[in-house]
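Me: I'd like to go through this one with you, starting with a couple of backbone details and then moving to an overview of a chain.

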Amino acid sequence: MTQIKWVSALGCVLVCAVGAFGILESGAADVFLEATRPDFQKISLGVVGIKNAGGPDWLGGRIEEVLKRDVKRSLVFDLIDLPGIGIKVQDLDVGLQGGAKAALKQAAESGVSVLVWGKAGLKESSKDADADVSMEGFVYDSGSDEVIGGKRYAGSPSVVRMMAHRFADELVFRYTGEPGIARTKIAYVAEQGTARELFVMDYDGYDVRQLTADGSLNLMPRWSPDRRFLVFTSYRNRNSQDIDMIELATGKRWTVVSLGGLSITPSLSPDGNFLAFASSYEGNSELYRLDTRTKAVQRLTTNAAGDLSPSWSPTGRELVFTSDRGGGPQIFLMSADGSNVRRLTFDGDYNAAPVWSPRGNWIAYVCRTPRKEYKLCLITPDGQKRVQLTTGPGVDDSPSWSPDGRHLAYSSTADGKSQIYMINADGKDIERLTFVGTHNSAPSWSPAS
Amino acid sequence: MRKMLWVYGLALVISSSVVGLSGCSKTAVQSGGEGQGTQGAATGATPTSPSSDRSTSSADSFPDTTMQASSGGLRGLDKNPSEERVAGNSTMVAKAESSSSSAQQAVDTRAEQEALAATGLRDVLFGYDSWTISEDARQALIRNADWMKSNARAKVKVEGHCDERGTTAYNLVLGEKRAKAVRNYLVELGISANRLSVVSFGKEQPICTEHTDSCYQRNRRGHLAVKTGK
């Protein structure tokens, strides 16, 4: 019996050593374990309110609402319902005088670490509907028992949501050193008749902009690292499906890969030096990478099966991709030069559309469950941990990480037509982002600004 | 006996790991070598198609997209904050391209549909996850091939389509496999390959949008369109 244990232990040692060797060889320092710990202690924050100081009726309330939602979505803060814990918000007016001081103390004693308040109004006293709006926000920290600082913003009435987003990102930046995600955007594809056109919206689903209007298929957009461009598959050229690039600020668009055949799933490396993509121009779908400076194209895969959907590790040293070389589609890893290929998924007979998290610790993908449902799954790059993230009806597709690695955007037919949703990386707080249109799909979350 | 099994299992694990490893490194060498072979053979920045009117020269076709290291425009909290101007959304809103390409495509599509109605070319249906040509499909393709033989100047575009299940990306590859399976069978039936082109639409152009098995079956199709124009 002891002998059996010994032998199996020996087996583990050998297999583990082989596994470790594989990881070392690939230089996979991509696994930053515990970067988003489930037991992460959120910072309790209360939004006292954004008072209206002379602007339109909706102004303060709008900013307050956007700010609260941003704070909640940040997952850095725990948004405290102040009246819910017995704090009289009206006592917490601006400043630190009189009753406000006592109320702040009460909030701090109730465990609220940060309190935020502000006011908003018209910049100049004017009846002009387009007059500039201004906003002031202040932050009180109970640890130091002082107002640690504030922000003042001005801009046209059309940017009040962005004022709230900026303020929310400043709060995240102050307490984590990260830029926050409240000013990020999500690119996606929407159906217009028989066409599929590219759109961009704010991360919370607001401020939708149409980017293409060529009447053909425009598919699977991905952001450039600097957020200025999208790369995507275009059917505008009728004889081959090319990879195009579009500049958001100008709408200027051009073709960057035109090899013939079907070229899909472009993905720029984190440093912007390589464009990985799949193309069938030499027969079946294979992976290639284009050196964006020399324009040289290097083939990365060589086999009779379909290889597609490359996604870069945050260091740019490795790619995760889909391949059906084993029959059905499965997730594989390889070094960025095409060497050291190994299969990552072994559960189920359909795993596809992998995306590497910005923190490196997870790979999200579409998994087909034993009940033949297409859901989102997560797996660690070493294959040791795997979880199914979504459940229930509907076909889930196209996961895309938020730049902080705490959320995923994806499309789902859970409500009938394909729409875009956001979900926390722990599977909680599903939020629907698109409500207009019959088919919205292929979300791609922008990098942080 | 049990001990034997353990040892045997262990040996199997080790040997398969080793085989797996050597297999990988062999693949690596191969793909690396092939990769170098194809380097420069195809330039990514080939001149854009004549139909794309807003194309630029290949010289500026790949801008520097490196992210500038910064705190993303955040200046931090300030005890006496100075006013920051918040700019509006700088994203350009697209105007419908009235120009040639989309209008021409609509015209071409209509012409193709009319041409198809006149020919009676038949769609071919596929099984779930499959690109195998079924017996029913063979019969349809034999008739389609006959039509092509008696209309020797017609060129046909074979479209591969999928149902909504599965991912956008993998369905594009699956649709291409279906289109190529149809093309290859037509070639076997004696149709010249240069009269046949393939295109995959994945799950992007369904002819039926209900979430039912019968609808899924209608969408898993190879569609033959007579090419009009160029």
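Me: Is A:Thr265 buried or exposed?
Reply: This is a predicted model, and in it A:Thr265 counts as buried, because its relative accessible area is 8%, which falls under the 20% cut-off.

Me: Where in chain A does A:Thr265 lie, and what is its phi?
Reply: A:Thr265 is part of strand β13, which covers residues 263–268 of chain A, and its phi is positive, at about 45°, although the residue is not a glycine. Most residues other than glycine have a negative phi.

Me: What about the phi of A:Lys372, and where does that residue sit?
Reply: A:Lys372 also has a positive phi without being a glycine, with a value near 65°. A:Lys372 is placed in the loop of chain A that runs between β22 (363–368) and β23 (374–379).

Me: How accessible is A:Lys372?
Reply: A:Lys372 counts as partly exposed, because its relative accessibility is 42%, and that class lies between the 20% and 50% cut-offs.

Me: Switching to chain B, how many helices and strands are there, and in what order do they run?
Reply: Chain B has 5 helices and 5 strands, and read from the N terminus its elements follow the order α-β-α-β-α-β-α-β-α-β.

Me: How much of chain B is buried, and what is its accessible surface?
Reply: Chain B has 230 residues, of which 41% count as buried, while its accessible surface comes to about 12500 Å², with 56% of that belonging to carbon and sulfur atoms.

Me: And which share of the contacts in chain B joins residues at least 24 apart?
Reply: Taking the contacts in chain B between residues at least 6 apart in sequence, 74% join residues that are at least 24 apart.

How values were computed. Residues are numbered from 1 along each chain as its sequence is written. Chains are lettered from A and ligands numbered from 1 in the order in which they are written. This is a predicted model: local features need pLDDT of at least 70, side-chain atom pairs count only at pLDDT 80 or more; totals for chains, interfaces and linings use all residues. Side-chain values use heavy atoms; hydrogens and water are left out. Helices (H or I, at least four residues) and strands (E, at least two) are DSSP runs, numbered from the N terminus. Buried means under 20% relative accessible area, exposed over 50%, partly exposed in between (1.4 Å probe, protein chains only). Contact means heavy atoms within 4.5 Å. Accessible areas come from the Shrake-Rupley method with a 1.4 Å probe; for residues, only the protein chains shown count as cover.
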